[in-house]
Amino acid sequence: GGWTAWDLVSWYNGHPDLSDAVLDLSSVRRGVVVGSGNVSLDVARILCSPVERLASTDISDRALRQLRASAVEEVLVLGRRGAAQGSFTPPELREFCSLDGVTVSAEGLEAGRPTEPDATQVRLLSLLDGLGPRPTAPCGRQVAFRFCSSVVRFEGQERLEAVQIIGNRLEQQGERVVARPTGSPERLSAELVVQAIGYK
């Protein structure tokens with residue numbers, strides 16, 4: 001139940017080193033993507049897009065066959081800091097938010113807002129502000145951005161069963177915004193975690 005983004009992206013692009021890899025999504029209801037950049041958008045898009053839409057792309061045939069059996073209902077995209085500190089680029093985020101058949105929502109948008117945001121931050125925050133909160137009665141697949149949140153524990157025996165997530169408060173340290181855990185962890189059932197936090 002645990003993948004790195006590098007492995008997952010290589011899997012759906014047909015990289016020969018992962019030609020035998022199997023991503024069994026038939027029992028996955030919720031996936032968690034850790035990271036707030038364009039790669040995390042790519043991962044969430046693959047997990048939530050209608051298979052018919054993916055079939056018109058150059059995705060690996062092997063990956064497409066496995067995605068046809070997917071039971072994914074929700075993907076949670078976690079950012080440890082605020083939305084303004086995310087690494088999404090506005091065009092990719094705009095395209096992602098208009099996925100057919102996918103409800104996209106966002107939480108934790110107020111923390112970490114700069115008093116003088118740059119042009120990119122203004123565009124990102126404007127896009128995210130327009131999404132609204134997570135629906136109480138979702139219809140179809142959904143993606144929920146959750147900022148100021150970090151995974152602190154994975155649970156499961158033979159495979160992943162749940163993750164524990166903790167909220168973060170943000171501190172300004174010079175020019176950097178640093179996340180510090182606060183409060184008590186929240187347990188969320190999840191059958192897949194993909195870490196999209198860079199290669200180091």
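Q: What makes the crossing of α1 and α2 left-handed in this predicted model?
A: The crossing of α1 and α2 is left-handed because a crossing counts as such if the near helix is turned anticlockwise from the far one by less than a right angle. The model is a predicted one.

Q: Why are α1 and α2 called oblique to each other?
A: The axes of helix α1 (residues 5–12) and helix α2 (residues 38–48) cross at roughly 50° and come within 11 Å. Angles under 35 degrees count as roughly parallel, and 65 to 115 as roughly perpendicular, and α1 and α2 are therefore oblique to each other.

Q: Which residues make the contact of α1 and α2?
A: On α1 the contact is made by Ala5, Leu8, Val9 and Tyr12, and on α2 by Val39, Asp42, Val43 and Ile46. By class, this contact of α1 with α2 has seven nonpolar residues, one charged residue and no polar ones.

Q: What makes Ala5, Leu8, Ser10, Trp11 and Tyr12 of α1 count as buried, and what do the buried residues of α1 pack against?
A: These residues, Ala5, Leu8, Ser10, Trp11 and Tyr12, are the buried ones of α1 because buried means under 20% relative accessible area. The buried residues of α1 pack against α2, and also against β1 (2–4), α4 (61–67) and β9 (192–195).

Q: How do you know that β6 and β7 pair?
A: Two strands pair if at least two bridges are found between them, and strand β6 (residues 149–156) and strand β7 (residues 160–173) have seven bridges, in the antiparallel sense. Glu155, for instance, has Ala162 in β7 as its bridge partner.

Technical notes
Residues numbered from 1 in each chain as written. Predicted model: local features only at pLDDT ≥ 70, side-chain atom pairs only at ≥ 80, totals over all residues. Heavy atoms only, no water. Axes fitted to C-alpha atoms, helices over the stretch in contact; angles between N-to-C directions. Helix = DSSP H or I, 4+ residues; strand = E, 2+ residues; numbered from the N terminus. Parallel < 35°, antiparallel > 145°, perpendicular 65-115°, else oblique. Contact = heavy atoms within 4.5 Å. Nonpolar A, V, L, I, M, F, W, Y, C, P; charged D, E, K, R; others polar. Buried < 20%, exposed > 50% of the residue type's maximum accessible area, 1.4 Å probe, protein only.
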